[in-house]
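Student: I have a protein model open and some terms to sort out. Can we go through them one by one?

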Amino acid sequence: MNESFGSRLRARLDACGPLCVGIDPSPALLHTWGLDDSPAALERFCRTVVEAVADVAAVVKPQSAFFERWGSRGIAVLERTIADLREVGTLVLLDVKRGDIDSTMAAYAEAYLDKGSPLAADAVTLSPYLGFGSLEGAITSAMANDAGVFVLARTSNPEAAGLQRPVAGQVLAGAAAANAGHAPFGPVGVVMGATLPALEHSLDDLNGPILAPGLGAQGATPADVARLFGPVRHAVVPSVSRAVLADPKQVRSRTLRYRDECAAHLSGAAAQK
């Protein structure tokens, strides 16, 4: 990789439209597909999803937990999934939500962001609740490896509001400071749920991408994405998983529908300005 994460993300969004597809192979979803709960079924599931969405989704987001539960066999499937996606140019956001003290964060960064790692992704999700400063090593590593991070700010699950609301401003300020001077995006994105009733903080100065989970199964719609993120529509990456994964025969068609509806609503938000 010779381009920054921000440049690669901008190019993918321009080429493919605004959508991230999650790969969340839960036992329940494997069974819905008629598969058993095994590493072999996990690999079949992932290969099917990759083949269906790799060329039409800007970003694909494997959820590490569903692979980790199978130990080394699951991690091997995750490695292959990441490799398959990156081979065809799809940006990989590995959903690990790591957050720890500086020495531990350095090890996480080596595992997920170092170009030589078999688990190296284009970006990872991070938790800031040991203090935003605890993420400094991971952010430095991301920049050195032309990668990115997405820091939890206001997530889509309802249980998060009481904890996150008082500190979201600090997270956004830390991300904006890390992104200063970068173009077209800095390396630090934030996670802001598409299920939020309203944004309580301005994102105008973030200068980074916004991952907006919650489409579909959690209740958010493409119209909600436009309502919340219209002012920063160039930077928002709506994320959907269960709503497009429920039927193996419709993964691609549902992905295209969500992508195109998000693009249309965000374009409508632009026209209203």
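Student: Among contacts in the protein between residues at least 6 apart in sequence, what percentage join residues at least 24 apart?

Tutor: The figure is 72%. Keep in mind that this is a predicted model.

Student: What makes the radius of gyration agree with a compact globule?

Tutor: Set the two values side by side. For 273 residues, a compact globule would have a radius near 19 Å. The protein has 17 Å, so the value agrees. The C-alpha trace spans about 45 × 45 × 40 Å along its principal axes.

Student: How many helices and strands does the protein have?

Tutor: There are 12 helices and eight strands.

Student: Why is the contact between arginine 80 and glutamate 43 called a salt bridge?

Tutor: The cut-off is 4 Å from a side-chain nitrogen of Lys or Arg to a carboxyl oxygen of Asp or Glu. Here the N to O distance is 2.9 Å. That is within 4 Å, so the pair counts as a salt bridge. Side chains of opposite charge can pair when their charged atoms come close.

Student: Why is aspartate 122 called buried?

Tutor: Buried means under 20% relative accessible area. Aspartate 122 has 2%, so it is buried. Its side chain meets that of arginine 86 in a salt bridge, at 3.4 Å from N to O. Arginine 86 is in helix 5, and aspartate 122 is in the loop between helix 6 and strand 4.

Student: Is arginine 86 buried, exposed or partly exposed?

Tutor: Arginine 86 has a relative accessible area of 26%.

Student: What percentage of the 273 residues count as buried?

Tutor: That share is 53%.

Student: And how many salt bridges does a search of the whole structure find?

Tutor: The search finds 16.

Note on methods. Residues numbered from 1 in each chain as written. Predicted model: local features only at pLDDT ≥ 70, side-chain atom pairs only at ≥ 80, totals over all residues. Heavy atoms only, no water. Helix = DSSP H or I, 4+ residues; strand = E, 2+ residues; numbered from the N terminus. Rg over C-alpha atoms; globule rule 2.2 N^0.38 Å. Buried < 20%, exposed > 50% of the residue type's maximum accessible area, 1.4 Å probe, protein only. Contact = heavy atoms within 4.5 Å.
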